[in-house]
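Please read them with the structure open beside the text.

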Amino acid sequence: SAMTPGSRGALGSSAHPELLMPVVQIHALRPPEPEQRDIGLSAIVDGIGSALGTGPSGIWVQWVTVDAMHTGSRPRAFLGHCPVVTIRAKTRRTPDQVGAALQSTATAVAAALDLSLADVWVHWQALAPSTVFAGGALQE
């Protein structure tokens, strides 16, 4: 059914703690085996949930397959390519939590795709209050 103004979607009301969730996007070449993607997504959710002390339920992870990748002027094959991961979350995190979430995410992506940890780029983007609309309301 279509969402209408005032109806409650999957996020519920703005008072719900899951609105503090990180949203994670992995941009990477298509892995040779589809289950590698699911293994990575699950490991990312578990790792970030542990790092932030929130558990997995409020963490959203998306795999965005890219068609081609270059490092400088060199095209990259799957082995040796550099996945780029962005974690977007509200600012209510300590530096230790952010660092642990970055490390666990990079480790999960590298392990799932059988790549070197040095080839994985992960960036934390803190979202300032009033810059996110979710759960039917502007989030503070």
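**Notes on the fold and its core**

1. In this predicted model, V23 stands opposite W60 in β2. The strands concerned are β1 and β2, which run parallel and are joined by seven bridges. Between them the chain passes through α1, and this β-α-β crossover from β1 to β2 is right-handed.

2. β1 also pairs with β5, here in the antiparallel sense and over five bridges. Within that pairing, V24 is the residue that stands opposite I87 in β5.

3. How many of the seven residues of β1 are buried? Five of them are, so β1 is largely enclosed by the rest of the structure.

4. For orientation, the chain contains two helices and eight strands, and their order from the N terminus is β-α-β-β-β-β-α-β-β-β. Of the contacts in the chain with a separation of 6 or more, 73% are accounted for by residues 24 or more positions apart.

5. The largest nonpolar core comprises 29 residues, and those with the most contacts inside it are V24, I26, I44, I48 and V61. Two or more residues come from each of β1 (23-29), α1 (34-52), β2 (60-66), β5 (84-90), α2 (95-113) and β6 (121-127), with α2 giving the most, namely seven residues. As general background, nonpolar side chains in soluble globular proteins tend to be buried together.

6. I44 deserves a separate look when you inspect this core, being one of the residues with the most contacts inside it. Which residues does I44 contact once its neighbours within four places in sequence are left aside? They are V24, I26, V61, T105, A108 and V109.

7. Turning to the chain as a whole, buried residues make up 37% of its 140 residues.

Terms used: Residues are numbered from 1 along each chain as its sequence is written. This is a predicted model: local features need pLDDT of at least 70, side-chain atom pairs count only at pLDDT 80 or more; totals for chains, interfaces and linings use all residues. Side-chain values use heavy atoms; hydrogens and water are left out. Helices (H or I, at least four residues) and strands (E, at least two) are DSSP runs, numbered from the N terminus. Buried means under 20% relative accessible area, exposed over 50%, partly exposed in between (1.4 Å probe, protein chains only). Contact means heavy atoms within 4.5 Å. A nonpolar core is a set of buried Ala, Val, Leu, Ile, Met, Phe, Trp, Tyr and Cys residues joined through side-chain atoms within 4.5 Å. Two strands pair if DSSP finds at least two bridges between them. A crossover is right-handed if, with the strands pointing away from the viewer, the path from the first strand over the helix to the second runs clockwise.
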